[in-house]
Amino acid sequence: EFLKQKITILALLELAFSRSLEHSIGFKEVETACRLPPKEVEYLLMRAMSLGLISGVIDNVDQRFSVSRVRPRVLGREPIGEMAQRLST
């Protein structure tokens, strides 16, 4: 469970970093990129913010997250995918 949460947070950081010019991410995009049910998106965003990995504002009405800062990442999509494959086997 702990490793799954780490992979999910890394996927969120990858999404936020790749969308850094737009500064706004829809909850649906987070659901898709992180493979989460809708009710867990806000928790994931709050968790990443509490860890200091991402900063921004959560807008529950419009279902969007406005990104103000993303901590630089070390892993790309491929290493995250490989870790996820190892987890599922």
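Contact here means heavy atoms within 4.5 Å, and helices (H or I, at least four residues) and strands (E, at least two) are DSSP runs, numbered from the N terminus. The model is a predicted one, where local features need pLDDT of at least 70, side-chain atom pairs count only at pLDDT 80 or more, and totals for chains, interfaces and linings use all residues. Residues are numbered from 1 along each chain as its sequence is written, and side-chain values use heavy atoms, with hydrogens and water left out.

Let's start with the helix pair. Thr8, Ala11, Leu12 and Leu15 in helix 1 meet Glu29, Val30, Ala33 and Cys34 in helix 2. Helix 1 covers residues 2-18, and its axis lies 9 Å from that of helix 2, at an angle of about 130 degrees. Axes are lines fitted to C-alpha atoms, for helices over the stretch in contact, and angles run from 0 to 180 degrees between N-to-C directions. The two helices are therefore oblique to each other (under 35 degrees is roughly parallel, over 145 roughly antiparallel, 65 to 115 roughly perpendicular, and the rest oblique).

Three strands make an open, antiparallel sheet in the order 1-3-2, and two strands count as paired if DSSP finds at least two bridges between them. Strand 1 (24-26) and strand 2 (54-59) sit at the edges, each pairing on one side only. Six bridges tie strand 2 to strand 3 (residues 64-70), with Gly56 opposite Val67 in strand 3. Helix 2 (residues 27-34) packs on this sheet and touches strand 1, strand 2 and strand 3. Helix 3 (residues 41-50) packs there too, touching strand 2 and strand 3.
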